[in-house]
There are 2 protein chains.
Amino acid sequence: MKTMKGVNFEKELAEVTEYWSPRVVGRVNDQYLKVAKCKGEFVWHKHDNEDELFLVVYGQLRIEFEDGAAVLEKGDFTVVPKNTLHKPVADEECGIVLIETITTLHTGDTVTSLTKTIDQQLSN
Amino acid sequence: MKTMKGVNFEKELAEVTEYWSPRVVGRVNDQYLKVAKCKGEFVWHKHDNEDELFLVVYGQLRIEFEDGAAVLEKGDFTVVPKNTLHKPVADEECGIVLIETITTLHTGDTVTSLTKTIDQQLSN
């Protein structure tokens, strides 16, 4: 009988060297789980057809919307509904988990120099 | 500009009074996020068409398979692939997050006295 360990978000985050560069660490059904380190401001963007979940592993993440903001502390999550313009901001470094449909591009309909393809996120 | 808080797994778990009784705390795309307190042995079951993710918030969860087991500590997750027979076991109380397709019955194809309908999980 073999014994397996689980995947640990903190350990996966420790391997990440670049900000705003998601790394796929798991998949459940049609959703990827990704870890990312964040610092500074990301770009305003939206995903036309997919929700996006943000869970904070350490630090604090603020997600700005057109009419307000969600402030996430360690252990908090929120879901940005599809077709909702948003901008993640981290005043200090934070570590997060993203859950999103396997086809979702993390910058949504806004392709910038920050955009990473799914292939990049899988080999990150 | 309004400021919103996130949903916190530990706080949601603090509201749970019954073991093995999942409570829906969020939804991303076609997946529910649920919290549950576990102690003792659940039933052997499988889900024919859906993967099921287990994330440990506190304590330790062991997921037994036909040919081994996954041992999850705080902050660890694993995904039980569809059509895989498994039995969650917690020697001491643990708090977990489940991520599974909105149509998934948590006892899979094994309906027992422990089975909670989705309506029960939403109003839990």
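Two strands pair if DSSP finds at least two bridges between them. Strands (E, at least two residues) and helices (H or I, at least four) are DSSP runs, numbered from the N terminus. The model is predicted: local features need pLDDT of at least 70, side-chain atom pairs count only at pLDDT 80 or more, and totals for chains, interfaces and linings use all residues. Residues are numbered from 1 along each chain as its sequence is written, while chains are lettered from A and ligands numbered from 1 in the order in which they are written.

View 1. Strand 7 of chain A (residues 68–72) runs parallel to strand 1 of chain B, and four bridges join them. Opposite A:G68 stands B:K2, in strand 1 of chain B.

**View 2. The side of chain B that touches chain A.** Contacts (C-beta atoms, placed from the backbone, within 7 Å) link 31 residues of chain B with 31 residues of chain A. Elements giving two or more residues to this side of chain B include strand 1 (2–5), helix 1 (9–14) and strand 9 (86–101). Strand 7 of chain B supplies the largest share, five residues.

**View 3. The fold of chain A.** Chain A has two helices and nine strands, in the order β-β-α-β-β-β-β-β-β-β-α from the N terminus. Its C-alpha atoms fill a box of roughly 55 × 30 × 25 Å along the principal axes. Of the 124 residues in chain A, 40% are buried, that is, have 20 or more other C-beta atoms, placed from the backbone, within 10 Å of their own. Among contacts in chain A between residues at least 6 apart in sequence, 64% join residues at least 24 apart.

Conventions:
Two residues are in contact if their C-beta atoms, placed from the backbone, lie within 7 Å. A residue is buried if 20 or more other C-beta atoms lie within 10 Å of its own, exposed if 12 or fewer, and partly exposed in between; C-beta atoms are placed from the backbone.
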